[in-house]
Amino acid sequence: MLAKNSILLRSDLFAGLDEATVRELAATAQVQTFAPDERIIAEGQPASYVFCVTSGFVRLSKAESAGREADVCVCEPGDTFGEYLLSGGGAYAYSACSADGAEVALFELANLRALADRYPVIHRNVMRIMTRHLLGAMDCIAGDRLHTAAQRVANYLVSRCPAAASQATFRLPYRKRILAGKLGLAPEALSRAFAALVPAGVEVKGKVVLVDSVDLLRKAC
């Protein structure tokens, strides 16, 4: 039952809602499972739903006129996308694809707008989500302009290390191609960045990352 789904209840979309409103909002949703790399929505497609990821990962991307696509975000469990449509607009501003397989809750846009008008806290939650997305986009722009590929990768790896650890071993949550898109890199640039971080004590074996010295890695950021 979606009203008891812990991922949805922890998402910003449901923040601050009382139990009755949670049940009413959850009752408007349907759940759909997508295979790896399956298209969820296409950029420019007429919009019908707002989405919340309940498991797996979803890639958001935008295309240029020649057809090339660039990833702009990787949504994780609890993340919402398409929320900006509550304030207007009738088409999706980006494409969305399942990364390594995903389960997504779909909220029909018309129903969500009607609920938000009855429960203004939903509008507040949507504004919070939009603000987070805006600030995230600004961080990405700053990262692109201020950091080399190796520095972007080093920053990401440090974020995966426990705060007090001197060494760390962890698995990447998704394929390297997905990570490259998340960091705004081509796959070959990600490989070069991993190689550049070997002197900083980083070793990558498949999806497993070994960090010999977290302090040394921080200096590479």
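## Salt bridges and cores at a glance

D37 is partly exposed, with a relative accessible area of 37%. Keep in mind that you're looking at a predicted model. D37 pairs up with R177 through a salt bridge, at 3.2 Å from N to O. D37 sits in the loop between β1 and β2 while R177 belongs to helix α6 (residues 176-182), so this pair ties together parts that are 140 residues apart in sequence.

**Salt bridges**
- Side chains of opposite charge can pair when their charged atoms come close.
- There are 14 salt bridges in the structure.
- R118 and E24 form another salt bridge, at 2.7 Å from N to O.
- R118 is in helix α3 and E24 in helix α2, so parts 94 residues apart in sequence get tied together.
- D144 meets R152 at 3.0 Å, N to O; D144 is partly exposed at 44%, whereas R152 is buried at 17%.

**Nonpolar cores**
- The largest nonpolar core has 40 residues, and F14, V58, F81 and F107 have the most contacts inside it.
- Elements that each supply at least two residues of this core include β3 (49-63), β6 (95-108) and α4 (120-146).
- Leaving out residues up to four places away in sequence, F81 touches I41, V50, F51, V53, V58, L60, C75, Y94 and A96.
- A second, separate core of 29 residues includes V158, A168, L183 and V202.

**Annotated domain**
- An unreviewed UniProt entry lists residues 147-215 as "domain: HTH crp-type".
- That span is 45% helix and 17% strand, and its end C-alpha atoms lie 18 Å apart.

Definitions and conventions:
Residues are numbered from 1 along each chain as its sequence is written. This is a predicted model: local features need pLDDT of at least 70, side-chain atom pairs count only at pLDDT 80 or more; totals for chains, interfaces and linings use all residues. Side-chain values use heavy atoms; hydrogens and water are left out. A nonpolar core is a set of buried Ala, Val, Leu, Ile, Met, Phe, Trp, Tyr and Cys residues joined through side-chain atoms within 4.5 Å. Buried means under 20% relative accessible area, exposed over 50%, partly exposed in between (1.4 Å probe, protein chains only). Helices (H or I, at least four residues) and strands (E, at least two) are DSSP runs, numbered from the N terminus. Contact means heavy atoms within 4.5 Å. UniProt positions are given in the numbering used here, feature names are shortened, and annotations may be inferred rather than shown by experiment. A salt bridge is a side-chain nitrogen of Lys or Arg within 4 Å of a carboxyl oxygen of Asp or Glu.
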